[in-house]
Amino acid sequence: MFERNRVDNVHCDRETGVPVEVTFDDGRTARGKFIVAATRPIHDALNGPGLFIDFEPYGGEREMVAKASLRAVRLVNVPNASSLSSRGRHDTFEPYEVLGLPHGSPWPAVREAYHRLSKLYHPDRYAAAELPDEVLTYMATMARRVNAAYAALAEPEQTRREVARNKSEPIYQSPPRA
């Protein structure tokens, strides 16, 4: 039986991908990531005693590359979570923009967009995936933004429904006559 409280699959030698742009001796340039132990910096992996390093080009198969064939390695800066969440116009909170809808969209479109985005960013979808901390932080931030946008748009809708329900209920009803 699956138990969420148990952690049996944690490896002490977890791997992480370091995004790089590599220039080889033959002049080829490739973008991808070096796969190194999470506990070691990339410099130790490149200058270490091994003759090969694990390289996974973007859109390609993971392969072992001879360190002697590398002419240049340039680390590619991956934006951190704060810059990811500040992309676009997020200085003011606009619920329709967060949900990807035009302003004043009808309630069924708001609900549909909320359900689509909440499924996309829900923490259970990526809990088992080995993702960089920046991506995990971004996904959690987006889940909170989507929930906040829905809550902001749902409040007037709930108030409208409550008013309609109160109008439909009789204010006074006489007791049944015998």
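This report covers the sheet, its strand pairs and the aromatic contacts of a predicted model.

## Basis

Local features need pLDDT of at least 70 and side-chain atom pairs count only at pLDDT 80 or more, while totals for chains, interfaces and linings use all residues. Residues are numbered from 1 along each chain as its sequence is written, and side-chain values use heavy atoms, leaving out hydrogens and water.

## Sheet

Five-strand order is β4-β3-β2-β1-β5 in an open sheet with antiparallel pairing (strands are DSSP runs of E, at least two residues, numbered from the N terminus; two strands pair if DSSP finds at least two bridges between them). Because β4 and β5 (70-75) stand at the edges with a single partner strand each, one side of each has no neighbour in the sheet. From one strand to the next the twist averages 50° (axes are lines fitted to C-alpha atoms, with angles from 0 to 180 degrees between N-to-C directions).

## Strand pairs

Strand β1 (residues 15-24) is joined to β5 by 5 bridges, and Thr-23 stands opposite Ala-72 in β5. Strands β2 (residues 29-37) and β3 (residues 52-57) pair over 4 bridges, with Lys-33 opposite Glu-56 in β3.

β3 also pairs with β4 (residues 63-66) over 4 bridges; Asp-54 has Met-64 in β4 as its bridge partner. The hairpin of β3 and β4 has 5 residues between the strands, and Gly-59 there takes a positive phi near 80°.

## Aromatic contacts

The whole structure holds 3 aromatic pairs (ring centres of Phe, Tyr and Trp, the last by its six-membered ring, within 6.5 Å; planes under 30 degrees apart are stacked, over 60 edge-to-face, the rest tilted). Trp-107, Tyr-114 and Tyr-150 form one aromatic cluster.

Arg-28 lies over the face of Phe-24, 4.4 Å from the ring centre (a charge sits over a ring if NZ of Lys or CZ of Arg is within 6 Å of the ring centre and within 35 degrees of the ring normal).
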